[in-house]
Amino acid sequence: MMKREDQIKSLAKKLVQRRTELLQLLDGELSQLHNSDDAVAGDLADAAVELDYATVNSTLAEAESEELAAIQAALLRVDEGAYGRCVDCSKNIPFDRLRNVPFADKCVQCQEAEESLENAIRLSNNATGAAKGANQRRSRSTSSRR
């Protein structure tokens with residue numbers, strides 16, 4: 001069995017490889033987005049297809065940019081000697097988790113706690129938005145009866 005230090009070095013190499021792949025992908029997608037901006041559509045159907053492609057490329061580029069930022073942060077933690085430790089509780093992140101999500105910065109417990117909090121906030125915001133919408137509808141129906 002490899003030592004944790006050797007495992008981390010191996011993962012750092014994979015992070016560098018993935019960063020290179022992402023930079024190449026992003027370069028290609030951004031080029032396609034620029035080229036689609038310059039293209040003149042033949043008809044409405046062509047324009048719709050081009051818009052769909054541009055939307056997909058833009059969405060992919062956004063996801064890849066987020067992954068790239070996470071990889072950059074992970075490589076910084078490697079340089080600082082903090083890679084593989086949870087940024088919240090400082091416990092070692094299990095190697096199986098790092099192998100599956102090499103840019104993970106939190107242990108499973110801290111990640112789940114963060115996601116639970118985010119979901120609770122999202123639900124609260126949705127409930128608040130629904131209540132505001134209901135109040136606005138009530139207000140409009142009351143004012144239209146006057």
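User: Where is Ala 82 found?

Analyst: Ala 82 is found in the loop between α2 and α3. The model is predicted: local features need pLDDT of at least 70, side-chain atom pairs count only at pLDDT 80 or more, and totals for chains, interfaces and linings use all residues. Residues are numbered from 1 along each chain as its sequence is written, and side-chain values use heavy atoms, without hydrogens and water.

User: What makes Ala 82 count as partly exposed?

Analyst: Buried means under 20% relative accessible area, exposed over 50%, and partly exposed in between (1.4 Å probe, protein chains only). Ala 82 has 21% relative accessibility, so it counts as partly exposed.

User: What is the phi of Ser 90?

Analyst: Ser 90 has a positive phi of about 70 degrees, although it is not a glycine. Ser 90 is found in the loop between α2 (44-80) and α3 (95-100).

User: Is Cys 107 buried or exposed?

Analyst: Cys 107 has a relative accessible area of 5%, so it is buried. Cys 89, at 32%, counts as partly exposed.

User: What does Cys 86 contact beyond its neighbours within four places in sequence?

Analyst: Contact means heavy atoms within 4.5 Å. Among the contacts of Cys 86 are Lys 91, Ile 93, Cys 107 and Cys 110. Cys 86 also belongs to the largest nonpolar core, which has 18 residues. Such a core is a set of buried Ala, Val, Leu, Ile, Met, Phe, Trp, Tyr and Cys residues joined through side-chain atoms within 4.5 Å. Leu 11, Leu 15, Ile 71, Tyr 83, Cys 86 and Leu 98 touch the most other members. The elements giving two or more residues to this core are α1 (4-38), α2 and α3.

User: Why is the pair Asp 96 and Arg 99 called a salt bridge?

Analyst: A salt bridge is a side-chain nitrogen of Lys or Arg within 4 Å of a carboxyl oxygen of Asp or Glu. The N to O distance between Asp 96 and Arg 99 is 2.0 Å, so the pair meets the rule. Both lie in helix α3, three residues apart, about one turn of the helix.

User: Which salt bridges does Lys 106 form?

Analyst: Lys 106 pairs with Asp 105, the closest N and O atoms being 3.7 Å apart. Lys 106 also meets Glu 114 at 3.0 Å, N to O. Lys 106 is buried, with a relative accessible area of 9%. Glu 114, at 27%, counts as partly exposed. The count by this rule comes to six salt bridges.

User: How do you know that Arg 97 has no salt bridge?

Analyst: Lys and Arg count as positive, Asp and Glu as negative; His and the chain ends are not counted. The nearest side chain of opposite charge to Arg 97 is Asp 105, 6.0 Å away. The limit is 4 Å, so no salt bridge forms here. Arg 97 lies in helix α3 and is buried.

Conventions
Helix = DSSP H or I, 4+ residues; strand = E, 2+ residues; numbered from the N terminus.
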